[in-house]
Amino acid sequence: MSNLEQELSKYAAYHLNHKNILTHFIGIPLIVFSILCLTARAGVDIGSFKLTLAIVLIVASTIYYLLLDKIFGLLMLIILFAVYPLASQIAQLSLGEWLAASIGFFVVGWVFQFVGHYFEKKKPAFVDDVIGLAIGPLFVLAEFIFMLGFRKPLHARILQEACSKREAMDLSH
């Protein structure tokens with residue numbers, strides 16, 4: 001089993017309820033976007049280019065995602081760089097507006113997460129493994145790709161392993 005399959009199946013074990021997955025389609029993008037907004041304000045000017053903490057996070061997370069899977073990693077890079085300009089615009093608002101928007105996205109995103117886990121009747125994956133915070137966005141992307149009908153064998157392997165992991169989790173409690 002590849003590292004991608006291990007990480008996604010571990011995460012998916014906490015996310016087998018369809019309602020929970022759907023709330024994650026809203027919550028996780030809002031949380032990721034809020035983090036980009038918060039970190040797009042901090043940076044250094046290198047000539048006419050501003051290297052922000054958000055860009056550093058995008059590059060670092062993309063490297064991790066590419067190591068797990070080239071296709072998903074490339075898609076994540078495209079998505080993150082596509083939303084970065086909007087995050088950068090929000091970062092240029094007044095201090096109060098920037099914080100209100102960024103923290104607002106963050107809080108609303110987490111509300112969706114916890115509502116989803118209410119349906120799931122399981123705690124969020126990151127409670128047991130902090131890497132779940134990085135896998136969450138990849139999970140949402142993978143679920144979207146699977147819903148479109150792509151990479152069915154990968155999806156089947158992840159789902160089978162996730163169900164086994166979930167069964168073991170349920171037996172241990």
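At 23% relative accessibility, Glu161 counts as partly exposed, a class that lies between buried (under 20% relative accessible area) and exposed (over 50%), as computed with a 1.4 Å probe on protein chains only. The structure is a predicted model, in which local features need pLDDT of at least 70 and side-chain atom pairs count only at pLDDT 80 or more, while totals for chains, interfaces and linings use all residues. Residues are numbered from 1 along each chain as its sequence is written, and side-chain values use heavy atoms, with hydrogens and water left out.

The side chain of Glu161 meets that of Lys165 in a salt bridge, with an N to O distance of 3.4 Å. A salt bridge is defined here as a side-chain nitrogen of Lys or Arg within 4 Å of a carboxyl oxygen of Asp or Glu. Lys165 is likewise partly exposed, with a relative accessible area of 29%. Because Glu161 and Lys165 are 4 residues apart in helix H7, about one helical turn separates them. Helices (H or I, at least four residues) and strands (E, at least two) are DSSP runs, numbered from the N terminus.

Helix H7 also holds Asp170 and Arg166, again 4 residues apart, or about one turn of the helix. These two residues form a salt bridge in which the closest N and O atoms are 3.7 Å apart. Asp170 is partly exposed at a relative accessible area of 40%, whereas Arg166, at 12% relative accessibility, counts as buried.

In total, the structure holds 5 salt bridges. One of them joins Asp69 to Arg151, with 2.8 Å between the closest N and O atoms. Asp69 lies in the loop between helix H3 (53-68) and helix H4 (70-91), and Arg151 in the loop between helix H6 (132-147) and helix H7 (152-172), so this pair ties together parts that are 82 residues apart in sequence. Asp69 is buried, with a relative accessible area of 11%, while Arg151 is partly exposed, with a value of 26%.

Aromatic contacts were examined next. A pair of aromatic rings is described by the distance of the centres and the angle of the planes. Rings of Phe, Tyr and Trp (its six-membered ring) pair if their centres lie within 6.5 Å; planes under 30 degrees apart count as stacked, over 60 as edge-to-face and the rest as tilted. The structure holds 7 aromatic pairs. In one of them, the ring centres of Tyr11 and Phe139 are 4.9 Å apart and the planes stand at 50 degrees, so the pair is tilted. Tyr11 belongs to helix H1 (residues 3-12) and Phe139 to helix H6, so the pair ties together parts that are 128 residues apart in sequence. Elsewhere, ring pairs link Phe106, Trp110 and Phe114 into a cluster.

The largest pocket has a volume of about 530 Å³, a volume being the space filled by probe spheres set on the points, which are joined across faces, edges and corners. Of its 28 lining residues, Val32, Ile35, Leu133, Ala134 and Pro137 are the closest to the centre. Two or more lining residues come from each of helix H2 (18-39), H3, H4, helix H5 (95-120) and H6, and H2 gives the largest share, 6 residues. The lining comprises 21 nonpolar, 7 polar and no charged residues, where Ala, Val, Leu, Ile, Met, Phe, Trp, Tyr, Cys and Pro count as nonpolar, Asp, Glu, Lys and Arg as charged, and the others, Gly among them, as polar.

The second largest pocket has a volume of about 270 Å³. It is lined by 14 residues, of which Pro29, Met76, Ile79, Pro137 and Val140 are the closest to its centre. H2, H4 and H6 each give two or more residues to this lining, and H2 gives the most, with 6 residues. By class, the lining of the second largest pocket has 14 nonpolar, no polar and no charged residues.

Terms used. On a 1 Å grid over the protein atoms alone, a cavity is a set of points where a 1.4 Å probe fits but cannot get out, and a pocket is an open set with protein on both sides within 12 Å along at least five of seven lines; lining residues have an atom within 4 Å of a point.
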